[in-house]
Amino acid sequence: MTTVFVLNGPNLNRLGVREPHIYGTETLSDIEALVRQTAKELSLSVDFRQSNSEGTLIDWVHEAADKAAGLMLNPGALTHYSYALADALSSIDIPKVEVHLSNIHKRESFRQRSVTAAAVDGAILGLGSTGYSAALQALKTLINKRAKS
Ligand code: DQA
């Protein structure tokens with residue numbers, strides 16, 4: 001079955017208790033369950049991971065190039081300053097979608113810039129966990145398009 005990597009960056013393991021007025025009360029496990037349900041409907045296999053370490057995330061992006069047909073990434077705060085993660089994303093040639101639970105454009109000015117967004121096909125913002133499902137659907141479409149070309 002076609003595999004998609006779903007990578008979650010720093011502090012996303014704290015979802016549920018972390019600033020619920022911004023990120024809601026769903027935990028990362030709740031989001032994983034939703035992603036797995038959507039993946040089942042789309043006949044995709046999902047490798048769902050979270051790390052607080054930039055280097056680990058970069059290693060996983062590299063791994064995705066060999067093992068996955070597509071990549072979904074919520075880089076957390078690394079979004080705003082990690083040129084190393086952006087370079088890792090640029091170095092792999094599979095469909096990639098960035099996702100954010102919150103609408104980063106409605107928040108503090110430092111969050112309004114994504115240095116990683118230019119290295120992915122597209123981004124989904126501000127839709128909470130629904131954004132993860134939408135990103136998976138988008139990836140399925142992008143993967144299918146590649147298979148046909
Ligand atoms: C986030 C937005 C980032 O600014 C923040 O640092 C996060 C979560 C989001 O999903 O809305 O950790 O990526």
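Me: How do the residues of the shell around the ligand divide into nonpolar, polar and charged?
Reply: This is a predicted model, where local features need pLDDT of at least 70, side-chain atom pairs count only at pLDDT 80 or more, and totals for chains, interfaces and linings use all residues. Residues are numbered from 1 along each chain as its sequence is written, and side-chain values use heavy atoms, with hydrogens and water left out. Asp, Glu, Lys and Arg count as charged, and Gly is among the polar ones. The shell divides into five nonpolar, five polar and two charged.

Me: Which residue has a polar side-chain atom 2.8 Å from an oxygen atom of the ligand?
Reply: A polar contact is a pair of N or O atoms within 3.5 Å. R18 has a polar side-chain atom 3.0 Å from a ligand oxygen. The 2.8 Å distance belongs to the side chain of N74.

Me: How much of the ligand does the protein bury?
Reply: Accessible areas come from the Shrake-Rupley method with a 1.4 Å probe. Taken alone, the ligand exposes 320 Å². Of that, the protein buries 99%.

Me: Which residue meets R36 in a salt bridge?
Reply: A salt bridge is a side-chain nitrogen of Lys or Arg within 4 Å of a carboxyl oxygen of Asp or Glu. The whole structure holds seven salt bridges. At 2.9 Å, N to O, the partner of R36 is E32.

Note on methods. Polar contact = N/O pair within 3.5 Å; in protein donor to acceptor, adjacent residues only side chain to side chain.
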